[in-house]
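Please look over the sequence and the model shown here before reading on.

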Amino acid sequence: MGDILDILTTAAFWAAAIRIATPLIFGTLGELICERAGVLNLGIEGIMTAGALTGWLSVYLGADLATGVLLAALVGVVFGLLHGLFTVPLGLSQHVTGIGITLLATSLSYFVYRVVLPDTSSPPRIDAFPPVAAELGGIPVLGPLLFQQTALTWLALLAVIVVAYVLYRTPVGLAVRTVGENPAAAEAQGIDVTVVRIGAVMVGSALMAVGGAFLTMSAFNAFFFEMVNGRGWICIALVVFASWQPGKALLGALLFGAFDAYQVRLQQTVGSLVPYQLFLMLPYLLSILALVVMSRRAAYPKALMIPYRKGER
């Protein structure tokens, strides 16, 4: 029992939790921005997959790491624009369109992979992002927690601060929150609801794609089929857990990352006594429990998933 609890006190465990949480931070922030503007984006799973392929393939074909991240974000913007055009001015079902975007982005990513590497049995690896300051990794606690992380993890933490500031301290953020709560009032103030909503979906989708790029450019150094593995759906749940607030979104992502890191270490400690499938279920079961507890008092955007046409009241 002592060994099981001791896991929680090690710096390596929390470093792993932060690393696992990084793509969830990007994805949750992206989904949060979309939903704050009133648009549910169920295309997140496919957009993360497309971002993962784009970032990895760009570097594999000769681009530098920063360019790979930018190209992944650009692909996310394109899919976000597609989702926004269907759901905002046309008013189509956000659920159906989002699932369609996921199927399109995922299938297109696999197709491109097979076209570029038709005869490859194992995906080639790239030189991924290194730790930001490996020489400082030996510092107790802070070394593994921060300095052995890659630049994308630092970017994710910075993104939380930027998104929170923009949402709550700038006119742009006020416009996004207003069109998600009361688009008629936003229109009365001269805000173009269509432009703000589509713009929010594009920005949110770019963050989702960068979250996918983290998997191939910082975590696994290669692209595998099904590598996103449901992370997009977890991000949607984490938005509810966070009550649509960036700070709580960071907390939720770290919590899930800790659950996932913990189950891996539990397998190593007591794996011979308990079926491994139980350990794989653990982070999802604990996340569902946390979601149920937190979502009971969640104040969702009032205009979420409600189409709006100019001039309507």
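A residue counts as buried when its relative accessible area is under 20%.

## Overall picture

This is a predicted model of a protein with 13 helices and 0 strands, and along the sequence its pattern therefore reads α-α-α-α-α-α-α-α-α-α-α-α-α. Of the 313 residues of the protein, 50% are buried, while the accessible surface amounts to about 14,600 Å², with 69% of that area belonging to carbon and sulfur atoms.

When contacts between residues at least 6 apart in sequence are considered, 77% of them join residues at least 24 apart.

## Confidence of the prediction

The mean pLDDT of the protein is 87, and 86% of its residues reach 70 or more. Where pLDDT is low, the predicted coordinates should not be read in detail.

## Helix α11

Helix α11 spans residues 231–241 and is mostly covered, with 8 of its 11 residues buried. The buried residues of α11 are Arg 231, Gly 232, Ile 234, Cys 235, Ile 236, Leu 238, Val 239 and Phe 241. Just after α11 comes Ser 243, which takes a positive phi of about 55°.

Met 227 belongs to the loop between α10, residues 193–219, and α11. Because its relative accessible area is 8%, and the cut-off for a buried residue is under 20%, Met 227 counts as buried.

Leaving aside residues up to four places away in sequence, Met 227 touches Ala 52, Leu 215, Thr 216, Phe 220 and Ala 222. The C-alpha atom of Met 227 is also separated by 9.0 Å from that of Gly 212, a residue 15 places away along the chain.

## Enclosed space

Rolling a probe the size of a water molecule over the atoms shows where empty space is left. In this model the count comes to 1 cavity of 30 Å³ or more, and the largest cavity holds about 40 Å³ of space.

The lining of the largest cavity is made by Val 39, Thr 87, Val 88, Gln 94, Arg 197, Pro 307 and Tyr 308. Sorted by class, this lining has 4 nonpolar, 2 polar and 1 charged residues.

Terms used
Residues are numbered from 1 along each chain as its sequence is written. This is a predicted model: local features need pLDDT of at least 70, side-chain atom pairs count only at pLDDT 80 or more; totals for chains, interfaces and linings use all residues. Side-chain values use heavy atoms; hydrogens and water are left out. Helices (H or I, at least four residues) and strands (E, at least two) are DSSP runs, numbered from the N terminus. Buried means under 20% relative accessible area, exposed over 50%, partly exposed in between (1.4 Å probe, protein chains only). Contact means heavy atoms within 4.5 Å. Accessible areas come from the Shrake-Rupley method with a 1.4 Å probe; for residues, only the protein chains shown count as cover. On a 1 Å grid over the protein atoms alone, a cavity is a set of points where a 1.4 Å probe fits but cannot get out, and a pocket is an open set with protein on both sides within 12 Å along at least five of seven lines; lining residues have an atom within 4 Å of a point. Grid points are joined across faces, edges and corners, and a volume is the space filled by probe spheres set on the points. Ala, Val, Leu, Ile, Met, Phe, Trp, Tyr, Cys and Pro count as nonpolar, Asp, Glu, Lys and Arg as charged, and the others, Gly among them, as polar. pLDDT is the predictor's confidence in each residue, from 0 to 100.
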